[in-house]
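Me: Hey, can you walk me through this model? I'd like to go from the overall picture down to single residues.

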Amino acid sequence: MTGGHQTLALVLFSAFVAVTLAITTWAGRSRQGSAEEFYAGGRLFSPLENGFAISGDYMSAASFLGISGLIALYGYDGMLYSVGFLVAWLVVLFLVAELVRNCGRFTLADVVAARMRERPVRIAAGTSSVTVSVLYLVAQMVGAGSLVALLIGDSGEAARAWTVVGVGALMIVYVSLGGMRATTWIQIVKAVLLLGGTLVLTALVLLRFHGDFDALLQSAAERSGHGAAFLAPGLNYGGDWSSRLDFISLGLALVLGTAGLPHILSRFYTVPTARAARRSTVWAIGLIGGFYLMTIVLGFGAAALVGPDAVRRSNASGNTAVPLLALDLGGGADSTGGTVLFAVVAAVAFATILAVVAGITLASSASVAHDLYASLRRRRTGARDEVAVARVAAVAVGALAIALGLLARDLNVAFLVGLAFAVAASANLPVLLYSLFWRRFTTRGAVWSVYGGLVPAVLLVLLSPVVSGSPGALFPGADFQLFPLDNPGLVSIPLGFVAGWLGTVLSAEPPDPAKHAETEVRALTGAGAV
């Protein structure tokens with residue numbers, strides 16, 4: 001990029017940052033000392049506002065940059081992410097949204113602890129939530145690094161490292177000063193920008209092919225060098241038995257993981273009633289569904305117009321496919337149209353990253369303060385103390401995410417999010433479903449369910465080709481790979497459910513039918529909901 005191009009893009013970046021900081025300052029003047037205000041924005045958002053905020057939280061750098069890049073590189077196999085991310089919302093709609101809103105207050109642990117001994121359950125659920133959030137944050141950091149390195153024409157380590165540090169610093173400011181109110185409005189602004197930008201790019205791609213989607217697919221197949229195989233399953237996940245199992249594992253993680261994501265669950269507490277939570281989910285499904293349909297067009301458009309080889313040269317994992325597509329659609333690198341479109345898309349992608357990291361950081365800091373800190377301290381913690389701890393936790397989580405983001409800078413962002421989904425589906429979903437629907441479930445079952453999914457998921461990732469034993473691993477020079485699959489979901493998700501069942505069966509603690517009945521009535525009717 002030339003100096004003029006960089007200036008335009010950086011001006012757009014700066015404008016978004018200025019707007020979001022203004023929102024944060026405005027929100028920071030409200031009653032942030034109240035736990036309900038800091039964690040849930042006072043529960044004052046409408047279903048439409050919350051639907052946009054949920055979609056803003058969910059449509060991350062993995063969706064905008066990573067999925068389109070995977071489709072551009074691997075064709076049909078890359079579409080698994082689009083389908084999995086969307087289908088997952090049916091699980092949220094039918095099994096989770098209303099029940100979580102009725103049973104909980106601020107975090108996942110509130111739902112589980114309603115009928116269990118609080119201390120062990122909150123420590124387990126809080127640990128799991130922070131782990132999932134940090135993994136998700138790393139993906140956003142990697143996307144930010146790839147994007148700004150492309151933008152300023154410097155793919156060197158220094159530019160990417162400073163970008164990751166800058167994003168981390170901004171997310172700490174958003175959460176510490178603005179809480180949930182600021183984070184929600186930032187999500188809404190970002191969702192509108194992202195949907196608008198994606199719609200414009202999709203329209204331009206279809207116009208280039210005169211509205212003929214079949215011509216787009218054929219052109220992408222020819223440009224890919226793989227011919228018809230580009231449009232058929234197996235290019236990325238069909239090589240051998242381990243690739244096929246990886247495909248199943250990833251599908252399970254994507255479909256089941258959304259219902260266990262802490263930053264998504266916390267959004268249901270920002271509306272006043274369970275009915276509003278359900279209507280929020282319906283709005284979110286419509287917005288998210290339209291977005292993922294458009295990412296398919298963008299992915300194949302990048303394959304047809306930019307070409308997989310050019311995408312790989314820019315970023316080996318495909319994270320820069322959409323900005324490169326925007327450059328081509330606008331008329332090329334030397335044209336004014338290409339410059340403007342590239343800068344707008346890069347700014348929207350950067351806005352996406354900033355908004356998502358703010359939501360995730362808030363959810364993880366809430367888990368640290370509301371679950372871990374409040375449980376580990378023997379004496380009762382006041383609301384103001386808890387909020388102060390949450391602000392400090394935001395700094396700590398941000399620092400950890402920055403460090404891990406620098407380490408994982410060469411991995412695909414959608415792939416990294418797939419790992420976070422696997423851990424969420426393994427550790428959070430089993431305990432959530434058991435707590436809501438199984439009458440005999442006990443405290444030991446809850447603790448075993450969380451750790452029985454969390455520990456194997458993290459351990460299998462550490463022993464997988466993602467970390468060592470392959471050229472694209474975090475540590476390519478080392479080899480302690482023992483697990484053949486990239487995504488652990490196929491093994492760790494069933495283990496989470498089995499551990500919860502086993503812990504309950506072997507528990508000496510008798511189940512409490514009265515507490516289950518109370519939880520069931522509260523979940524289904526909202527009686528007694530906060």
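Me: Where does Ser243 sit, and what does Ser243 touch?
Reply: Ser243 is in helix α10, residues 241-257. Helices here are DSSP runs of H or I with at least four residues, strands are runs of E with at least two, and both are numbered from the N terminus. Ser243 touches Asn236, Tyr237 and Gly238, leaving out residues up to four places away in sequence; contact means heavy atoms within 4.5 Å.

Me: Before we go on, what kind of model is it?
Reply: It's a predicted model, where local features need pLDDT of at least 70 and side-chain atom pairs count only at pLDDT 80 or more, while totals for chains, interfaces and linings use all residues. Residues are numbered from 1 along each chain as its sequence is written, and side-chain values use heavy atoms, with hydrogens and water left out.

Me: OK, big picture. How many helices and strands?
Reply: The protein chain has 20 helices and zero strands.

Me: And what's the radius of gyration of the protein chain?
Reply: The protein chain has 22 Å, which agrees with the value near 24 Å that a compact globule of 530 residues would have. That's taken over C-alpha atoms, and the globule rule is 2.2 Å times the number of residues to the power 0.38. Along its principal axes the C-alpha trace spans about 70 × 55 × 45 Å.

Me: How much of the chain is buried?
Reply: 60% of the 530 residues count as buried. As for contacts with a separation of 6 or more, residues 24 or more positions apart account for 82% of them.

Me: Switching to helices, what about α3?
Reply: Helix α3 covers residues 47-58, so 12 residues, and reaches 16 Å from its first C-alpha to its last, close to the expected 16 Å, where the expected span is 1.5 Å times one less than the number of residues. It's mostly covered, with 10 of the 12 residues buried. Among the buried ones are Pro47, Phe52, Asp57 and Tyr58.

Me: How far apart are Met79 and Val397?
Reply: Met79 and Val397 are 32 Å apart, C-alpha to C-alpha, and 318 residues apart in sequence. Met79 lies in helix α5, residues 79-103.

Me: Last one: what's the phi of His210?
Reply: It's near 55°, a positive value in a residue other than glycine. Most residues other than glycine have a negative phi. His210 is in the loop between α8 (157-208) and α9 (213-224), and it's exposed, with a relative accessible area of 75%.

Notes. Buried means under 20% relative accessible area, exposed over 50%, partly exposed in between (1.4 Å probe, protein chains only).
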